[in-house]
Amino acid sequence: MTAQAVSSPATLSAPAPSRMRSASRRMLALNLIGLGLFFGLWQGLASAGIINAFLLPSPVDVVAALWEMSNDGSLWVNLAASLKRVCVGYLMACVVGLTLGFVCGSSQVMAEIVRPIVEALRPVPPLAWVPIAILWFGLGDLSAYFLVFLGCVFPLFFGAYTAVRSIDRNQINAAKCLGASRWLLFSGVLIPASLPIMMPNLRLALGIGWMCVVTAELIAAQTGLGYLIQQSRMLFQIQNVVAGMVAIGFVGYVMSAAVERIERRINAWAPSERD
Amino acid sequence: MTSTAHIDISRVSKVFGAGEQGAVTALKDVDLKINKGEFIALLGPSGCGKSTLLSLIAGFQTASSGAIVQNGRAIAGPDASRTVVFQDYALFGWMSLQKNVEFGLKAKNVGKRERAQIARDFLARVQLSGFEDKLPHEVSGGMKQRAAIARAMAPDPEILLMDEPLGALDAQTRVLLQEEISRLSSESGKTVVFVTHGIDEAVFLADRVVVMSPRPGRIRQIVTSHLSFPRTAAMRADPWFTSTVKELWESLKPEWQKEDKQ
């Protein structure tokens with residue numbers, strides 16, 4: 001068998017770039033039609049007076065509110081506060097959850113010790129931790145970090161745990177018989193081999209973290225998008241409430257899309273390796 | 001212990017599981033001395049313990065009783081002096097073929113430029129020049145296995161362990177790779193332990209064919225080859241080759257039929 005003869009099917013299997021681009025353009029067009037219909041209907045119902053503007057402001061009012069909050073800076077201040085909290089809480093959860101997950105994935109003994117604790121704590125929703133969080137950390141950043149941490153740590157733990165356990169035994173054996181040190185085995189094989197399986201959980205955890213930060217801010221903070229919503233509700237600025245919700249949805253979407261992009265790059269080698 | 005054998009396997013047994021019913025004896029009282037530079041084929045139907053024996057020599061598992069000694073020292077775990085080629089290749093999917101072959105050299109702390117050069121040389125020896133930057137999933141099964149062989153040979157091990165390396169390949173690729181493996185191993189002079197269930201493959205490649213039988217796994221016969229090295233395609237027509245393959249098939253047939261029914 002000559003090498004050239006084998007390489008050609010691999011190049012043939014990839015769709016032509018121009019065809020791929022036109023397909024994704026059509027998808028984008030459909031996405032935009034969906035969004036257009038949604039906002040069009042909403043605006044139409046509001047303009048016709050069918051929706052009470054006090055209960056739900058029209059899209060135009062929401063955009064105006066966003067514009068105003070953006071100009072007076074309150075949107076950015078609160079967005080920055082929320083982003084900082086989700087980042088810090090998420091990173092703490094990564095350190096703890098991924099480390100524990102890797103350790104438990106590689107050691108049956110550790111897994112049996114840690115898993116009952118995790119299983120007992122996991123069903124408690126982060127919202128139920130709010131009173132304890134306020135008691136321990138007061139109102140502010142620390143409480144929010146704690147709640148984001150709690151929301152993220154379990155999916156991160158299970159992501160790392162299942163990923164390590166699903167790694168092909170032979171790959172680990174191959175690395176060991178090639179003389180890999182513990183560090184090379186970990187950084188050169190365990191981490192890259194588990195990333196494709198772990199990435200969906202990293203993304204899921206970030207989404208949960210974003211929801212947790214808003215939840216925390218509704219109750220246990222005096223800045224942030226959650227606080228902005230709560231504050232606006234008390235001042236009967238319903239257009240600001242919805243504007244805050246739109247900002248939360250948009251940022252959550254952007255974060256998830258960004259992680260998904262990274263995920264697709266990491267997974268580039270993985271799918272065909274599994275067949 | 002004064003032993004001149006490269007690998008000395010004495011009274012090795014391996015039992016999986018525990019209890020009266022749960023325990024399965026994969027290997028029972030296996031004795032085998034393997035000389036330096038020898039090509040040993042472990043041949044037998046599935047369940048005869050040939051892969052278990054290989055895994056014990058590799059150090060991935062430990063024997064339930066008995067000892068496996070390499071150069072007079074008991075094997076305690078996986079070690080770069082014994083590298084393994086797996087049936088499913090076990091290449092690192094996120095690394096180019098070049099990086100895969102470099103892995104064992106990196107583990108040995110060989111400098112960057114030197115290991116790149118060594119890896120390129122080994123890829124050339126398995127006829128993969130020009131494919132250095134391909135990822136494993138971009139090449140065929142035969143090419144993957146060539147790369148895996150290069151990866152196993154690059155760190156210059158004393159012993160090459162091959163666990164049904166050609167089992168997942170089509171018949172034509174298998175025949176070609178058999179000849180290449182014979183060439184590479186006789187060039188390098190390494191001790192090779194090659195697990196297979198292909199009778200012709202074992203007889204074609206090995207200095208000695210160690211025939212094993214199942215339940216419990218044990219050695220039932222050792223056939224010493226009359227063929228010279230390196231093995232060439234013409235030897236498949238050698239009278240000794242054809243008669244040995246035929247004899248082994250006749251003697252192993254009942255066991256294969258038994259396996260098939262279970």
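In this predicted model, strand S7 of chain B, residues 159-163, pairs with S8(B) in the parallel sense, over 5 bridges. One of the links between them joins Asp163(B) to Val195(B), its bridge partner in S8(B). In general, the strands of a sheet are paired through backbone hydrogen bonds, in either a parallel or an antiparallel sense.

The two strands belong to an open sheet of 6 strands in chain B, whose order is S6-S7-S8-S3-S9-S10 and whose pairing is mixed. At the edges stand strand S6 (82-85) and strand S10 (218-224) of chain B; each has a single partner strand, so one side of each is left without a neighbour in the sheet. On average, neighbouring strands of this sheet are turned by 20° against each other, direction ignored.

Within S8, which spans residues 191-196 of chain B, lies Val192(B). Val192(B) counts as buried because 24 other C-beta atoms lie within 10 Å, where 20 or more are required. Leaving aside residues up to four places away in sequence, Val192(B) touches Phe39(B), Ile40(B), Leu160(B), Met162(B) and Ser185(B). Val192(B) is also 9.8 Å from Asn35(B) in space, C-alpha to C-alpha, although 157 residues separate the two in sequence.

The description now turns to the other chain. Contacts with 22 residues of chain A are made by 33 residues of chain B. On the chain B side, S6, helix H2 (97-107), helix H4 (141-153) and helix H5 (171-188) each supply at least two residues. H2(B) gives the most, with 4 residues. By class, this side of chain B has 19 nonpolar, 9 polar and 5 charged residues.

How values were computed
Residues are numbered from 1 along each chain as its sequence is written. Chains are lettered from A and ligands numbered from 1 in the order in which they are written. This is a predicted model: local features need pLDDT of at least 70, side-chain atom pairs count only at pLDDT 80 or more; totals for chains, interfaces and linings use all residues. A residue is buried if 20 or more other C-beta atoms lie within 10 Å of its own, exposed if 12 or fewer, and partly exposed in between; C-beta atoms are placed from the backbone. Two residues are in contact if their C-beta atoms, placed from the backbone, lie within 7 Å. Two strands pair if DSSP finds at least two bridges between them. Axes are lines fitted to C-alpha atoms, for helices over the stretch in contact, and angles run from 0 to 180 degrees between N-to-C directions. Ala, Val, Leu, Ile, Met, Phe, Trp, Tyr, Cys and Pro count as nonpolar, Asp, Glu, Lys and Arg as charged, and the others, Gly among them, as polar.
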